[in-house]
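This report describes a structure for a reader who has not seen it before. The sequence and the model come first, and the notes follow.

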Amino acid sequence: MTLAIDDIAAGGWARRSPFQAGRTIGPVTAARQRRTAIVYGACALAGLVPWIAGGSAFLKAAGLGLAFPGAGFIASAGLWAILIVPFVLALFALALFAWFGSGMVLAPFIVWLGAALVAGATAGGEWTPAPYVALGLVAAFGGYVAFRDARRRTAAGAQRLARDASMHTAVARAVELAAPEPDATTRELSADDLASVRYVLDRALQPVEAFGGFDIVDQFQTSSLRYQINNCGYLLAELQKTYLPNFHGYLMTAQQNLIGKYLQKKVWSYWAYETSWGHLNFTNHDPVAPKDNIMLTGWLALHVGMYMNANGDTRYLEPGALTFRWNAKRAYVHDAQDLVSSVVANYAVQAFCLYPCEPNWDYPICNHIGLTGLTAMDTATGTHHAADLKDRWLEALDTEFTDESGSIIGLRSTLTGFRFPFPGGEIGFATFMETIEPERAWRMWAIGRQELTYILGKTKGGEPRLSLSGRGFDFGNYRSGFGGAYASIMSVAREFGDDEMVAAAQRALDEDCGLTVEGGVRRYAKMSNLSNISAVMGRIRRRGDYRRTVLEKASDAALNGPLLTDVAYPDVLVARAWSNGDDLELVLHPGTAKRAQTLTIARLKPGATYVVSGAREAIAHADAAGRMTLAVELDGRTAVTLRPSA
Amino acid sequence: MACCAFAAFIISQIILGLDALRARLGLRVPEAGAPNPNAMWRLDGPPAAVVAPSPLWRMAVPVTIGSVLVGLVVGIVFGGADGSGHMFAFDFICTRDGLVRLAGIDR
């Protein structure tokens, strides 16, 4: 991709932001917020009717309970209200957490309405000033929220103007720092890269039903197995596409095992719970859902799409190739096309266009992955769903999910229309945006990098490293630590070719996160599995690797040229496997003490003679099926080449 | 960044709060920055030790079941496939030909 600074910067920051059109929220968001306000206002007013018209103590307390969770106890519980109201509010916060965490939309309603009913049922008398106190508290809270919101909007508006003003400088700096795109014909993993890749291969090559080395905490949130599996899959597909296009063998087995793991019930059964308590859907627990669940369909579509683009294997397009089995009697029989159908159908009918993971919770980051998943599948199958959707999708992103600073918001409740605070930033979205609208992605990276300059510190020896303050947080196991943040920044910096940021992140990882090399495997002991996978990605990726794996099919030489197939893991580690269509260039490293190895090569010209270097044979003949075996003695970095005899 | 990060952030706050409470009660608290045994796992390494789930996650099972039961009751009372609400969408399945109305769940 050619980088033209003026063209990239000319797009401006948040060009289509609703802020510039004189509106701060989009039409669907506004309608949902209006609806929420009307429903709330109507309920609160209805709750006051018993106080105005004269009603029983039950109706007065229960009615007042509609003003806010626990408010009914102000009327019914006397001085105990000082304890009970905060308790109910704490319970309501927990219910909101359940709603956040697992889409349990009923939980807050049950707590709110239940508290109102209990307040009514326990009301012996009434305290006349109660409505004034309750409404006063509501007004105070509303005023506080409005004040905070106004202050935030003002600051965000100023930030947008500052970003616009510095856009050209930021883009110029990002482009100046960008390393050239790597030469596809010479790519090779180093010995340290191979030790890092082994971390992922170890997990992927165990039996499908085994989950050794995976963090198992919960299956709803960011530590879920599905994200660990998907990220392993994205990494191995990029690895094959960029470094090892002419190696199948255990690299294919590893990728297929990962998709097999994803189909295990323990990985996807969370959806049965979420659709039950979030949609009140007690009959159809199909995870390839007709409504919501982009965290499965979008992520898995990207996983399968990248796999297909890396090697051309179309097995997951076959009917039933992705069968989610619930029990002996029930199975949800799908294939990769069904994942696409689910995402496309949801984008077509959902009011916000971008649609939820858990019922009600709309995360733009998962929608970036969802649209990228469609893009990868379009590349693999020749369809054009993503291109058809792009304008409407971007319009929705700009109008409904962009704040006054021009940043994409973290999440929005589709039910109420309100946004919720979320730790995120431009950098988190930039990689995915690169396959949707590249110039915008570069603007996001340029601004994000500029705003992150403050974390570029120095070691005692004066070398650059990332430095973050506080305890940090690892999304992969909910423990403290900055490893996940360092690794994520490194992965994105790699995609945009920023070697300065990469080196600083790598140094921070190595110094802070428990770097351990044992048994030939490189890993960070203080990090979650998810963050370790991200660190491997950050290590091996080079500029544009993710974009190419999503947007470009495997080359003709990768699809038809000679291929390294059967080779033992971890005895033989493959650092390079490349072909120009007729030849095969391999670089191998020993993974164990067993140095004498046999390689099986396939897709040769049947019966043809090949000149070999780096193996025991100098001349070898392909059999009638186009296969041959070669004996090699691995001694550190071992190059093996095969060329057709003239 | 993986999705649902805000909820994960809230989980972290709850876990950190519980850790503080456990420390106050003199119970063992995972050390900050302690090695993650899962990250140290190797395919050709020794078998992984079975780690029992913490009491917090054992509690999650009855809480989840209880919540589902409450959901079931409320769903039965207030739910209903009237074609206008959430239930409507789940009369369909996603196929390569687009959405197809369900004839039955078992395929």
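## Chain B

Read from the N terminus, the elements of chain B follow the order α-α-α-β-β. Chain B therefore has 3 helices and 2 strands, where helices (H or I, at least four residues) and strands (E, at least two) are DSSP runs numbered from the N terminus. Of its 107 residues, 20% count as buried; a residue is buried if 20 or more other C-beta atoms, placed from the backbone, lie within 10 Å of its own, exposed if 12 or fewer, and partly exposed in between.

## Basis of the model

This is a predicted model, in which local features need pLDDT of at least 70 and side-chain atom pairs count only at pLDDT 80 or more, while totals for chains, interfaces and linings use all residues. Residues are numbered from 1 along each chain as its sequence is written, and chains are lettered from A and ligands numbered from 1 in the order in which they are written.

The domain assignment, automatic or from a database, gives chain A domain 1 (21-150) and domain 2 (556-644).

Beyond neighbours within four places in sequence, A:V574 is in contact (C-beta atoms, placed from the backbone, within 7 Å) with A:L244, A:F247, A:L564, A:V567, A:L586 and A:L588.

## Helix pairs of chain A

The axes of α13(A) and helix α14 (residues 336-349) of chain A come within 9 Å and cross at roughly 130 degrees. Axes are lines fitted to C-alpha atoms, for helices over the stretch in contact, and angles run from 0 to 180 degrees between N-to-C directions. The angle makes α13(A) oblique to α14(A); angles under 35 degrees count as roughly parallel, over 145 as roughly antiparallel, 65 to 115 as roughly perpendicular and the rest as oblique. Residues making the contact include A:A301 of α13(A) and A:V340 of α14(A).

Helix α15 (residues 364-381) and helix α16 (residues 385-400) of chain A pack at about 165 degrees, with axes 9 Å apart. The pair is therefore roughly antiparallel. Among the residues in this contact are A:L371 of α15(A) and A:W393 of α16(A).

Technical notes
Two residues are in contact if their C-beta atoms, placed from the backbone, lie within 7 Å.
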